[in-house]
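Keep the sequence and the coordinates at hand while reading.

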Amino acid sequence: MSDLSVSAIRTVNKLETVEEISRVFEACQARRDVLSKALMREFRVGDPVTFTHHRTQETMRGVVEKILIKRIAVAVTDGARWRVPPEHLTLDARPAEGG
């Protein structure tokens, strides 16, 4: 955890009303949405990606099939389709463009 995160948590722990905590929570949600949307823009249909299965911890490999509003549709090599949050995906090397 970064020093900034620790400092922010300590500051939040000093808040005294539910209203103050709610405002901080809403600001955190808004910031997370901004960061997630920025991350979504890094992916394109056809990109090879990997992610870790949340139950088995198995590394799943697939290809971006579609960019959804909050998630990315990934077709994995076994034929299954997953809707994965962009922060859980790792972009593998893209094939060279052009020709």
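Two strands count as paired if DSSP finds at least two bridges between them. Strands themselves are DSSP runs of E with at least two residues, helices are runs of H or I with at least four residues, and both are numbered from the N terminus. This is a predicted model, in which local features need pLDDT of at least 70 and side-chain atom pairs count only at pLDDT 80 or more, while totals for chains, interfaces and linings use all residues. Residues are numbered from 1 along each chain as its sequence is written, and side-chain values use heavy atoms, with hydrogens and water left out.

What is the order of the strands in the open sheet? The sheet has 5 strands in the order β4-β3-β2-β1-β5, and the pairing is antiparallel. β4 and β5 (90–91) stand at the edges with a single partner strand each, so one side of each has no neighbour in the sheet. In general, strands of a sheet pair through backbone hydrogen bonds, either parallel or antiparallel.

The pairs can be taken in turn. β1 and β2 are joined in the antiparallel sense over 5 bridges, and Pro48 has Val63 in β2 as its bridge partner. The hairpin formed by β1 and β2 has 6 residues between the strands, and Gln57 in the turn has a positive phi of about 65 degrees. Strand β2 (residues 59–67) also pairs with β3 in the antiparallel sense, over 5 bridges. Here Gly62 stands opposite Val76 in β3, and a hairpin of 4 residues connects β2 to β3. On the next step, β3 pairs with strand β4 (residues 81–84) over 4 bridges, in the antiparallel sense, with Ile72 opposite Val84 in β4. The hairpin of β3 and β4 has 4 residues between the strands, and Gly79 in this hairpin takes a positive phi near 95 degrees.

Burial is stated on a relative scale: buried means under 20% relative accessible area, exposed means over 50%, and partly exposed lies in between (1.4 Å probe, protein chains only). Strand β3 (residues 72–76) is mostly covered, with 4 of its 5 residues buried. A nonpolar core is a set of buried Ala, Val, Leu, Ile, Met, Phe, Trp, Tyr and Cys residues joined through side-chain atoms within 4.5 Å. The largest such core has 11 residues, among them Met40, Phe43, Phe51, Met60, Ile72, Val84 and Leu89. β1, β2 and β3 are the elements that give two or more residues to this core, and β3 gives the most, with 3 residues. In soluble globular proteins, nonpolar side chains tend to be buried together.

Aromatic pairs follow a separate rule: rings of Phe, Tyr and Trp (its six-membered ring) pair if their centres lie within 6.5 Å, and planes under 30 degrees apart count as stacked, over 60 as edge-to-face and the rest as tilted. By this rule there is 1 aromatic pair. The ring centres of Phe51 and Trp82 are 5.8 Å apart and the planes stand at 65 degrees, so the pair is edge-to-face. Distant parts of the chain are linked by this pair, since Phe51 lies in strand β1 and Trp82 in strand β4, 31 residues apart. Phe51 is buried, because its relative accessible area is 5%, whereas Trp82, at 24%, is partly exposed.

Asp47 is in the loop between α2 (18–40) and β1 (48–52), and His53 is in the loop between β1 and β2. Are these residues buried or exposed? Asp47 has a relative accessible area of 4% and is therefore buried; His53, at 13% relative accessibility, also counts as buried. A polar contact is a pair of N or O atoms within 3.5 Å; within protein, one must be able to donate a hydrogen and the other to accept it, and residues adjacent in sequence count only if both atoms are side-chain atoms. The side chain of Asp47 reaches the backbone nitrogen of Arg44 at 2.8 Å. The side chain of His53 reaches the backbone nitrogen of Arg55 at 3.0 Å, and a polar atom of this side chain lies 3.1 Å from the backbone nitrogen of Thr56. Contact means heavy atoms within 4.5 Å; leaving aside neighbours within four places in sequence, His53 is in contact with Glu58, Met60 and Trp82.
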